[in-house]
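Take a look at the model below. A few questions and answers follow.

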Amino acid sequence: MDIDRIIEKAGGADEIAALAGVGLEAVRKWRQSRMVPTKHWPALLRVPGIALQDLTADLTAPQTPQEQERETDVSNPCPPGANAALVLADGTVLWGRGFGAHTEGAVGELCFSTGMTGYQETLTDPSFAGQIVTFTFPHIGNVGTNADDNEAPKMAALGAVVKEDITAPASWRSNEPLAAWLKQHGRAGISGVDTRAITRTLRDSGPQTAILAFPENGRIDTDSLLNRGRQWPGLEGMDLAKEVTQPKRVWTEGVWETTRPARTENRRRVVAMDYGAKDNILRCLVTAGCDVTVLPATATAEEILELKPEGVFLSNGPGDPAATGTYAVPAIRTVLDANVPVFGICLGHQLLAQALGGKTYKLERGHRGANQPVKDVETGRVEITSQNHGFAVDEKSLPADVKVTHVSLFDGSNEGIASTTKDAFSVQYHPEASPGPSDSFYLFERFVAVMDRRAKAGA
């Protein structure tokens, strides 16, 4: 590696420092050590004139037998220091360091999340099934993991993409390092990649199919991975709710904050449909005043109504709402016809929209993170919300008796609806704030208020 030549190709020390996101002191150390750390290679490879061979070890130096084997093995083009790869369907190959469980290649939709906290809640959110999550915040794993922060029994996301190497946990709540936790769940992560470049790609070009490989033998055939990735059909038309839903159960645990005590009187019977429900959503229902029975995604209208609910909650979940709607929408319509109040969020919002006569579509750029601004159309109030969805409700398809209640201030897409003839409303975002702000807890209270009003009226 001719470090001076590489710096010259990049336009000088100032330019290469800005490109790699480091200071001039780091560039000085590169000159001293005669090499650029591998985590900065993806950024440098975008510079015209700099190729992978420019960044590899000095070919004039004696090679070890392992290096000779690596050089002659065309199925293993890993640069020195790398043992994992993220291959995008557009042909981009990002080298990095793997952690967690070894995998020959987990393929799914690559997305990014902007949350600065709550990586464990994000990775266990069932809405991320079928997706590989890129974290825009660089320090992921620094507080370890613990059993309390899981939002489902197992990790739903297919893998994690982070910038910095995982550090030792620095939190009294940690029971296990992130890498060990991932290994326990059979999932891999990759560090040392340019997450900003990934985010820009997804922002500008929309969702990308990607495959994350961290093989135990260290051999990575990027051409084979690329072919596998391009054969993946994508999330459109894919019903994933059946894969993440859980069996019937009764939920009794409320939220942890002592500042929000649970309502103990006049509690309401609620059936929560589990299309991929996060645990904290169920906690919020309990705290707001609901006695919650959770039914699996495939439960029929007869099974729902048999429990004589005062309200039905439609949860979040993964996949294409049109695919899940083939069995969920008929059940929801029957519940609506039975004059039972309905409250939906995320996938549940999209399913309610279909049951009321609307349609859904795939967004060019999904909404994922804990800082998404949403405007309440009626009050003008702006809420900072937690979101995770790649599909949206088509407002133009909504019938006259359904009104828009919330809109995204990012792209103007729909974030909430309400029926003008039935006690049914829904929002696209996650009001349970795990992770994220708690601006929208009032929606659970609004749902309970509807049931209270009907109980008082003898409905």
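A charge sits over a ring if NZ of Lys or CZ of Arg is within 6 Å of the ring centre and within 35 degrees of the ring normal. This is a predicted model: local features need pLDDT of at least 70, side-chain atom pairs count only at pLDDT 80 or more, and totals for chains, interfaces and linings use all residues. Residues are numbered from 1 along each chain as its sequence is written, and side-chain values use heavy atoms, with hydrogens and water left out.

Q: Over which ring does the charged end of Arg446 sit?
A: The distance from the charged end of Arg446 to the ring centre is 6.0 Å. The ring belongs to Phe425.

Q: How far is the charged end of Lys362 from the centre of the ring of Phe391?
A: The charged end of Lys362 sits over this ring. Its distance from the centre of the Phe391 ring is 5.3 Å.

Q: What kind of pair do the rings of Phe313 and Phe343 form?
A: Rings of Phe, Tyr and Trp (its six-membered ring) pair if their centres lie within 6.5 Å; planes under 30 degrees apart count as stacked, over 60 as edge-to-face and the rest as tilted. The centres of Phe313 and Phe343 are 5.4 Å apart and the planes stand at 65°, so the pair is edge-to-face.

Q: How many residues apart are Phe313 and Phe343?
A: Strands (E, at least two residues) and helices (H or I, at least four) are DSSP runs, numbered from the N terminus. Phe313 is in strand β11 and Phe343 in strand β12. The pair links distant parts of the chain, 30 residues apart.

Q: Is Phe313 buried or exposed?
A: Buried means under 20% relative accessible area, exposed over 50%, partly exposed in between (1.4 Å probe, protein chains only). Phe313 has 0% relative accessibility, so Phe313 counts as buried.

Q: What is the angle between the planes of Phe441 and Phe444?
A: Both residues are buried. Their rings form a tilted pair, 5.7 Å centre to centre. The angle between the planes is 45°.

Q: In which order do the strands of the closed barrel run?
A: Two strands pair if DSSP finds at least two bridges between them. The barrel has seven strands with mixed pairing. The order is β1-β2-β6-β5-β4-β3-β7.

Q: Which residue in β7 is the bridge partner of Leu110?
A: Strands β3 (residues 103-113) and β7 (residues 208-214) pair in the antiparallel sense over six bridges. The partner of Leu110 is Gln208.
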